[in-house]
Structure formats: C-alpha cells, structure tokens
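Biologist: Can we go through this model together? I'd like to start with the charged pairs.

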Amino acid sequence: MIDERELIAKIAKKDQNAFQTFFYIYKNRLYYYFYKLLENQEDAEELTMETFFRIYRNAGTFRGESKVSSWVFGIARRVYLEHLKEKNKSIKTLEIYEGDAVSEDPPINEDVELVRKAIEKLAPHDREVLFLAYYEELPYEDIAKVLGIPVGTVKSRVFNAKAKLKKIIEEMSHERG
C-alpha cells in the first residue's frame, strides 16, 4: 500500500515520480468533486489541475496533523471558492445514493433520479457537507478541518442536511402521486 504522507514528503522535494503517483491516486476524486459541484467538464478539469499545481507548490507545508485526503480536499475547497468568487457561480448538483442520504433513517422507496433532483434543491453548504461525508467518506473531524468549522457544526450540518433531503424527497414523492 502506498504511503500518501511519504509521497507528500517526496513531492516537497520535487520528486516527479512521487507527484505522478499522487496525481493518479487523486485525479479522479478531485475531478469528480469539482464536476459534481459545477457540472462543467472544462471548469472541473481546470480546477483539478489548479489543485494539483497548489499541491505540488505547497507540499512542504503539509505538517501531517491531518489525513492527506483532508489536506488535499482543503486545498480543493479553497480553489473552488476562489473560482466561485471569480465566476460568481452557484453550486450545482451533488449526487449521492439514496441509501447514503438517509443512512440510519428507514429507507425511502424512491429512485436515484428523485434523490438527485432533491439534492439539487439543497443549499450549497448542505450539498458540500453531504458530498464530503458520503461520497468522499471523510470522518467528521476531517470534514471540520476541510471546512474550517467545529466538529459539532459538521455533525449538525450533516444531520440537518439529511433531514432536509428526506423532507424534500417526501414532498416530491407526494407531488408525483
């Protein structure tokens, strides 16, 4: 198994092979993160490359106090927020599966498309926290570091986002008949 911390240390020393290995580990995850937030292939590719540029440039600043993935997604989030400021765009769809969206709650017998449409109706911060918790499967402590908020706030946002999502799904189900 590849030690990501070791790769970061090598990247800090400008080791191209380590960077290439790291790139292949994270390229799809980062691209998907950006694509699901922006729903624009070109922007997702551009922000993925910008994130890797910053990882390469700032690898020496990684102190190892968090998981490498938390550090990477923290950088990605800053890149994304800067992009939003520049383009004044709003966050688009984030896709998670129905089972993830309602985890401990009883299952809702709706199709994935209904869940996707319901997620579109969530506020941007709700979509983002669900993405990090359920798609990236980051622990709450890591999400707190990525978002720069307390762990309790992360727990609250995840709980509230799931409740909002469940309510939206129920409302949409009733509208469908």
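Predicted model: local features only at pLDDT ≥ 70, side-chain atom pairs only at ≥ 80, totals over all residues.

Biologist: Which residue does arginine 54 pair with?

Modeller: Glutamate 50. Their side chains meet at 2.7 Å, N to O. Both sit in helix H3, four residues apart, so about one helical turn separates them.

Biologist: Arginine 54: buried or exposed?

Modeller: Buried, with a relative accessible area of 16%. The cut-off for buried is under 20%. Glutamate 50 is partly exposed, at 28%.

Biologist: What about lysine 67, which residue does it bridge to?

Modeller: Aspartate 142. The closest N and O atoms are 4.0 Å apart. Lysine 67 is in the loop between H3 and helix H4, and aspartate 142 is in helix H8, so the pair ties together parts that are 75 residues apart in sequence.

Biologist: How accessible are lysine 67 and aspartate 142?

Modeller: Lysine 67 has 42% relative accessible area and is partly exposed. Aspartate 142 is buried, at 7%.

Biologist: Next one. Where does arginine 77 find its salt-bridge partner?

Modeller: At glutamate 128, with 2.7 Å from N to O. That pair links distant parts of the chain: arginine 77 is in helix H4 and glutamate 128 in helix H7, 51 residues apart. The side chains of these two residues also count as a polar contact, at 2.7 Å.

Biologist: How accessible are arginine 77 and glutamate 128?

Modeller: Arginine 77 is buried at 16%. Glutamate 128 is buried too, at 5%.

Biologist: Which residues are joined into one network by shared partners?

Modeller: Glu50, Arg54 and Glu82.

Biologist: Back to H7. Where does it run?

Modeller: Helix H7 covers residues 124–135.

Biologist: How many of its twelve residues are buried?

Modeller: Nine of the twelve, so H7 is largely enclosed by the rest of the structure. The buried ones are Asp126, Arg127, Glu128, Val129, Leu130, Phe131, Leu132, Ala133 and Tyr134.

Biologist: What comes just after H7?

Modeller: Glutamate 137, with a positive phi of about 55°.

Biologist: Change of topic, then: the other loops. What is the phi of lysine 14?

Modeller: About 65°, a positive value, although lysine 14 is not a glycine. Lysine 14 sits in the loop between helix H1 (4–12) and helix H2 (16–38). Its relative accessibility is 40%, so lysine 14 counts as partly exposed.

Biologist: And what is the phi of glutamate 39?

Modeller: Near 50°, again positive in a residue other than glycine.

Biologist: Where does glutamate 39 sit?

Modeller: In the loop between H2 and helix H3 (41–58). Glutamate 39 has a relative accessible area of 39%, so it is partly exposed.

Notes:
Residues numbered from 1 in each chain as written. Heavy atoms only, no water. Helix = DSSP H or I, 4+ residues; strand = E, 2+ residues; numbered from the N terminus. Buried < 20%, exposed > 50% of the residue type's maximum accessible area, 1.4 Å probe, protein only. Polar contact = N/O pair within 3.5 Å; in protein donor to acceptor, adjacent residues only side chain to side chain.
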